[in-house]
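Here is a briefing on one protein model. Look over the sequence and the structure first, then read the points below.

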Amino acid sequence: MSAQSQVSVGLLGNASFPMRALVARLSSKDGCLWCDYLPESLREKQELPPSRSGSEKDSSRSPTLLRFVAPQYQPKGIAVMGRVWELSQQAEGCREVQHALDYADDEAKTQMLQELRGHVWEATRNQHANHVLQKCISLV
């Protein structure tokens, strides 16, 4: 173990669980997809001190990587045609418009995009409409 690792381990002896979990996550190659981008000094394997409970079982466990999965959007069935700009400016409405753009045929998409004509600058500055604009750009 390098001197730097020994210092890190020594400093973590009384560290809280979140700090120990972070260090374990940084030093683990298993669940860390971004570790290759860290400086070499942070990528070296570091041993964690035992947990405060003193249980060997707790100290030997590797931290579990929890993945957040956002729930898929459930459309409310709001009619979008003729109201694209109006709905794009609302939190729930912009989701409906994006959903409609995902599932519309090319002709319907063109009609919806025509409704945004003249509102593009406003849409870039609106907290909800900018998402609709991004969706439109990604479809092109």
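Which residues are linked with K76 in a network of salt bridges? The network joins K76, E92 and R95. A salt bridge here is a side-chain nitrogen of Lys or Arg within 4 Å of a carboxyl oxygen of Asp or Glu.

This is a predicted model, in which local features need pLDDT of at least 70, side-chain atom pairs count only at pLDDT 80 or more, and totals for chains, interfaces and linings use all residues. Residues are numbered from 1 along each chain as its sequence is written, and side-chain values use heavy atoms, with hydrogens and water left out.

**Confidence**

- The mean pLDDT of the protein is 75, and 58% of the residues score at least 70. pLDDT is the predictor's confidence in each residue, from 0 to 100.
- Residues 1–9 have a pLDDT below 50. Beyond near neighbours in sequence, this stretch has 11 contacts in the model. Contact means heavy atoms within 4.5 Å.
- Residues 51–62 also stay under 50 in pLDDT. The model gives them nine contacts beyond four places in sequence.
- Among the helices, α4 (residues 56–60) has the lowest confidence, with a mean of 46, and α5 has the highest, at 96.
- Where pLDDT is low, the predicted coordinates should not be read in detail.

**Overall architecture**

- The protein has nine helices and zero strands. Helices (H or I, at least four residues) and strands (E, at least two) are DSSP runs, numbered from the N terminus.
- From the N terminus, the element order is α-α-α-α-α-α-α-α-α.
- Of the 140 residues, 29% count as buried. Buried means under 20% relative accessible area, exposed over 50%, and partly exposed in between (1.4 Å probe, protein chains only).
- The protein exposes about 10100 Å², and carbon and sulfur atoms supply 55% of that area. Accessible areas come from the Shrake-Rupley method with a 1.4 Å probe; for residues, only the protein chains shown count as cover.
- Among contacts between residues at least 6 apart in sequence, 54% join residues at least 24 apart.

- The largest nonpolar core has 17 residues. Such a core is a set of buried Ala, Val, Leu, Ile, Met, Phe, Trp, Tyr and Cys residues joined through side-chain atoms within 4.5 Å.
- V80, V84, V97, L101, M112, L116 and V132 touch the most other members of this core. Helices α5, α6, α7 and α9 each supply at least two of its residues.
- L116 touches V84, W85, S88, V132 and C136, leaving aside residues up to four places away in sequence.
- Helix α9 spans residues 129–139, and its buried residues are A129, N130, V132, L133, K135 and C136.
- Those buried residues pack against α5 (84–88), α6 (91–103), α7 (106–115) and α8 (120–125).

**Cysteines and H128**

- C94 is buried at 4% relative accessible area. C136 is buried too, at 8%.
- The disulfide count is zero, a disulfide being a pair of cysteine sulfur atoms within 2.5 Å.
- H128 sits in the loop between α8 and α9. With a relative accessible area of 19%, H128 counts as buried.
- Contacts of H128 go to S88, Q89, Q90, A91 and C94, not counting residues up to four places away in sequence.

**Salt bridges**

- Side chains of opposite charge can pair when their charged atoms come close. The structure holds four salt bridges.
- E92 and R95 meet through their side chains at 3.6 Å, N to O. Both lie in helix α6, three residues apart, about one turn of the helix.
- E92 is partly exposed at 30% relative accessibility, and R95 is partly exposed at 39%.
- K135 pairs with D102, the closest N and O atoms being 2.9 Å apart. K135 lies in helix α9 and D102 in helix α6, so this pair ties together parts that are 33 residues apart in sequence.
- D102 is partly exposed, at 39% relative accessible area.
- R83 bridges to E86, with the closest N and O atoms 3.4 Å apart. R83 is partly exposed at 31%, and E86 is partly exposed at 40%.
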